[in-house]
Amino acid sequence: MPAFAERRLMRRAFAIKLDSAPPPVLADQTIGSQIRAILRLVPVGLLAGILIPAQMIAAALDLGIAERIPIFFHRNVLRLIGIRVRRKGRMSRERPTMFVANHATYLDISVLGSLIPGSFVAKAEVADWPF
C-alpha cells in the first residue's frame with residue numbers, strides 16, 4: 001500500500017474514532033440522569049413509608065379505604081417517575097376477574113395497581129427472593 005493511501009486510511013480511522021465519542025452534552029446528562037433518578041425515587045420512598053403503615057392499619061381494621069390506598073399509591077408512583085398510563089377499552093365489570101400481566105417490565109404491578117382494586121399473587125419461585 002502506498003504511504004499516502006496508508007496515511008489517508010489512518011486519518012479516516014482516527015476521524016471515525018473521534019466521531020464515535022459521545023458529545024460533551026451527553027456526558028453531562030449522565031450525571032443529570034442520576035440526580036433526576038434520586039429526585040424521583042426519594043419521594044417514592046417517602047410515599048411508601050407513609051402509605052404502607054396506613055394500608056396495614058386500614059386492612060387490619062377492615063376500613064373501606066384499604067382498597068383505595070394501593071390505587072392512590074401506584075398512581076402517584078407512576079406520576080413521580082414520569083410515566084403516563086393510557087387505558088384502551090373497558091375493564092370487565094364481572095367479579096371475580098383475573099388480570100394477568102406478562103411482566104415485560106417491572107412496572108406491570110404499578111400499572112395494573114393504578115387501574116384496578118386488586119391483590120397480586122406471585123409464583124412460588126419468587127418466595128425465596130430477598131424483595
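What is the volume of the largest pocket? About 1200 Å³. A pocket here is an open set of points on a 1 Å grid over the protein atoms alone, where a 1.4 Å probe fits, with protein on both sides within 12 Å along at least five of seven lines. The volume is the space filled by probe spheres set on the points, which are joined across faces, edges and corners.

This is a predicted model: local features need pLDDT of at least 70, side-chain atom pairs count only at pLDDT 80 or more, and totals for chains, interfaces and linings use all residues. Residues are numbered from 1 along each chain as its sequence is written, and side-chain values use heavy atoms, leaving out hydrogens and water.

**Stop 1: the pocket.** Select His-103, Ile-109, Phe-120, Val-121 and Ala-122; of the 31 lining residues, these lie nearest the centre. Lining residues have an atom within 4 Å of a point. Helices α3 and α4 each give two or more residues to the lining. The largest share, 4 residues, comes from α4.

**Stop 2: His-74.** Find His-74 in helix α3, residues 68-80; helices are DSSP runs (H or I, at least four residues), numbered from the N terminus. His-74 is buried, because its relative accessibility is 11% (buried: under 20% relative accessible area, 1.4 Å probe, protein chains only). Beyond its neighbours within four places in sequence, His-74 contacts Ile-109, Ser-110, Gly-113 and Ser-114 (contact: heavy atoms within 4.5 Å). Now check Gly-113: 39 residues from His-74 in sequence, but 5.7 Å C-alpha to C-alpha.

**Stop 3: Ser-110.** Move to helix α4, residues 108-115, which holds Ser-110. Ser-110 has 13% relative accessibility, so Ser-110 counts as buried. Show its partners His-74, Val-77 and Leu-78, leaving out residues up to four places away in sequence.

Methods. Buried means under 20% relative accessible area, exposed over 50%, partly exposed in between (1.4 Å probe, protein chains only).
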